[in-house]
Amino acid sequence: MLVLVAPGQGAQTPGFLTPWLELPGAADRLAAWSDAIGLDLVHYGTKADADDIRDTAVAQPLLVAAGLLSAAALGQTAPGAVAGHSVGEFTAAVFAGVLDDTAALKLVRARGLAMADAAAIAPTGMSALLGGDPEVTVPHLEKLGLTPANVNGAGQIVAAGTLEQLAALEADKPEGVRRVVPLKVAGAFHTHHMAPAVAALEQAAQEVAPAEPAVAYVSNKDGQTVATGAEVLARLVGQVANPVRWDLCMETFQALGATALIEVCPGGTLTGIAKRALPGVATVALKTPDDLDAARTLVAEHTAV
């Protein structure tokens, strides 16, 4: 059984879409999406520097567009389940048939702008913890007033909160944690600091008419599959201010009988976690079009006929 997944913010790098735009129809598709959301995705995916694409309002639609573009190049996949990490959940909602391309990108554009506004209210951020036991780490973070905003599995946790709280974490690491690495993001995503963005996204979501999921859609909220399009949309809105439980998503992949996992562009992060947390599951990360043949082979070998 094949799982198709989409990465979240931080996976983007300068120029990462350049080779993809050489594929037939890709540049036209990206230009049409750019017009639809009022953001030059072609420029940001090919010529913008790291600082430009770190901007939350830019990074989020750019990542969703990249995932959709690479999935279109891959062709028919017939996955048994789909999921995305954070903003990648919007990409996954398109894979599941809940949202169409344009609706997803418009909603993500609204999400990115709202989260950027929320992040500007107070100086906040996120830091990845290397090493440690989650049972020890999580209570330690809560003691410092921090939120375990991403619980990614394979021992990987990302803490979020004020810069002062993150500085305290650096000075007082949980037992077993080797390093605390600040992430290049604009704020404390997936925490109560993003509450204003939830209200803005809720309003934007009223313009969307979701369809029912055609395949199993696995949610970041609790790793459960979601049965209706309305519930998928509601979770996309609320997840902005709630922790990402990618560890629980992977437990569900395992329970569903996953044998292979493909991560759409810009792939690498989620396949890296899967290699540690899902032994025996074959993986391919779509980084450039050179990875398409390996992904198609995986589709052929792990899709039920």
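Reader: Which strand gives the largest share of the lining of the largest pocket?
Author: That's E3, with four residues. Keep in mind that this is a predicted model.

Reader: OK, and what else supplies at least two residues of that lining?
Author: Besides E3 (124-131), you get strands E4 (147-153), E5 (156-162) and E6 (177-182), plus helices H3 (50-54) and H12 (269-277).

Reader: How much space is in there?
Author: About 700 Å³ lies in the largest pocket. It has 32 lining residues, and the closest to its centre are Gln 9, Gly 10, Ala 11, Leu 183 and Val 185.

Reader: How does the lining split into nonpolar, polar and charged?
Author: The largest pocket's lining has 17 nonpolar residues, 13 polar and two charged.

Reader: How many bridges between E3 and E5?
Author: Six, in the antiparallel sense. As an example to click on, Met 126 has Ala 160 in E5 as its bridge partner.

Reader: Switching to helix packing: what's the angle between H1 and H4?
Author: About 150 degrees, with the axes of H1 (residues 26-37) and H4 (residues 56-74) 11 Å apart. H1 passes H4 in a right-handed crossing.

Reader: Which residues meet there?
Author: From H1 you have Ala 26, Arg 29, Leu 30, Trp 33 and Ile 37, and they meet Pro 61, Ala 65, Leu 68, Leu 69 and Ala 72 in H4. That contact divides into nine nonpolar residues, no polar and one charged.

Reader: Last topic, the second largest pocket. What's its volume?
Author: About 230 Å³. H4 shows up again here, giving the largest share of the lining, three residues.

Reader: Which residues line the second largest pocket?
Author: Leu 4, Ala 71, Ala 72, Leu 74, Gly 75, Gln 76, Thr 77, Ala 78, Pro 79, Phe 95 and Val 215. Ala 72 also takes part in the contact of H4 with H1.

Reader: And how many of the lining residues are charged in that one?
Author: None: the second largest pocket's lining divides into eight nonpolar residues, three polar and no charged.

Key:
Residues numbered from 1 in each chain as written. Predicted model: local features only at pLDDT ≥ 70, side-chain atom pairs only at ≥ 80, totals over all residues. Heavy atoms only, no water. Axes fitted to C-alpha atoms, helices over the stretch in contact; angles between N-to-C directions. Left-handed = near helix turned anticlockwise from the far one by under 90°. Contact = heavy atoms within 4.5 Å. Nonpolar A, V, L, I, M, F, W, Y, C, P; charged D, E, K, R; others polar. 1 Å grid on protein atoms, 1.4 Å probe; cavity = no way out; pocket = protein on both sides within 12 Å on 5 of 7 lines; lining within 4 Å. Points joined across faces, edges and corners; volume = space filled by probe spheres on them. Pairing = 2+ DSSP bridges.
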